[in-house]
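Biologist: I would like to learn how to read a protein model, feature by feature. Could we go through one together?

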Amino acid sequence: MRRLGFLLLVSGCTQGPAIAPDRIVSNNPCIDSVLAEIAEPSTIGAISRYSQDVDSGSAPIVWAKRFPAIGSSAEEVIASRPRLVLTGNYASTGTDAALKKAGIRVEAFGVPATLAENSAQVLAIARAIGRPADGANLVKQMDQATRGSKGTETAIIWQPGGFVAGRGTIQDEMLARAGFRNASSLYGLRQWDVLPLETLLRNPPDVIFTPVSARGDDARALALRERVLRHLNGRTRVIAFPEKLLFCGGPTVIAAMQIMRKVQGSQ
């Protein structure tokens, strides 16, 4: 208790937006994207700092700017005096243990590997915040967005660092639901693997979903890739696919599927 009192005292001396006590605090941007759809705003005390980054946040930026932002350290979360903390799986760092020792209720969620796991996680978050009906409604929208379609085109989702989503990823499942055959397996790639540019040029897929903007070294690599991909005009369609749609499951699958279906419908 002496340690907790010290942390609260220190936090009170630091500058930052005031966080109303006894509310829900999330330090995970993927959870934030679910809260944006189902939570009553007045019950939220703080959200993840990542959600206020327009390039990486999965929640709508206008929604995210309404709330104070917080990091993932146990000290910062404890100082916010929440009634419930929604977090990623921080068991290895001891953050969850520190929060529970401070008497704070913690609900931790991992990264869903399938659409079914994604739906189950949304329902679990909804139950945790007392909004089961809203969670069920969101899952219904997600199910409608991810209903299966038929198609014959090959496609890949290609990140700026060269990584491609392969078998066993939620992105692979979405491609299949949208009617695409994931070309990752044609290149012998694993779950998440790097696709060399030379390999792709020798046997390009019908569609490449790729981000059109990045930062730092990724931006330079992306610019080089764009110049090379111009040689595939007429053979491959290169489709803008924001990288932040790859960071989380939750309701972001709806936006991702909308892009994929639009491409499938424009054949």
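Predicted model: local features only at pLDDT ≥ 70, side-chain atom pairs only at ≥ 80, totals over all residues.

Biologist: How many helices and strands does the chain have?

Modeller: Helices (H or I, at least four residues) and strands (E, at least two) are DSSP runs, numbered from the N terminus. Here the chain has 11 helices and 11 strands.

Biologist: Is Asn28 buried or exposed, and why?

Modeller: A residue is called buried under 20% relative accessible area, exposed over 50%, and partly exposed in between (1.4 Å probe, protein chains only). Asn28 counts as buried because its relative accessibility is 15%. This residue is found in the loop between β1 (24-26) and α2 (29-38), and at the start of α2 a side-chain oxygen of Asn28 reaches to within 2.8 Å of the backbone nitrogen of Cys30.

Biologist: Which residues of α2 are buried, and what covers them?

Modeller: In α2, 8 of the 10 residues are buried, namely Pro29, Ile31, Asp32, Ser33, Val34, Leu35, Ala36 and Ile38. Their cover, judged by contact (heavy atoms within 4.5 Å), includes β2 (44-48), β4 (84-87) and α7 (132-145).

Biologist: Which residues touch the most other members of the largest nonpolar core?

Modeller: A nonpolar core is a set of buried Ala, Val, Leu, Ile, Met, Phe, Trp, Tyr and Cys residues joined through side-chain atoms within 4.5 Å. The largest one has 46 residues, of which Leu35, Trp63, Leu86, Phe180, Phe209 and Met260 touch the most other members. Apart from it lies another core, of 11 residues, among them Ile156 and Leu200.

Biologist: In what order do the strands of the open sheet lie?

Modeller: In general, strands of a sheet pair through backbone hydrogen bonds, either parallel or antiparallel. Two strands pair if DSSP finds at least two bridges between them. In this model, 4 strands form an open sheet in the order β8-β6-β10-β11, with parallel pairing; the edge strands, β8 (181-182) and β11 (237-240), each pair on one side only. Strand β6 (residues 154-157) is joined to β8 by 2 bridges, and Thr154 stands opposite Arg181 in β8.

Technical notes: Residues numbered from 1 in each chain as written. Heavy atoms only, no water. Polar contact = N/O pair within 3.5 Å; in protein donor to acceptor, adjacent residues only side chain to side chain.
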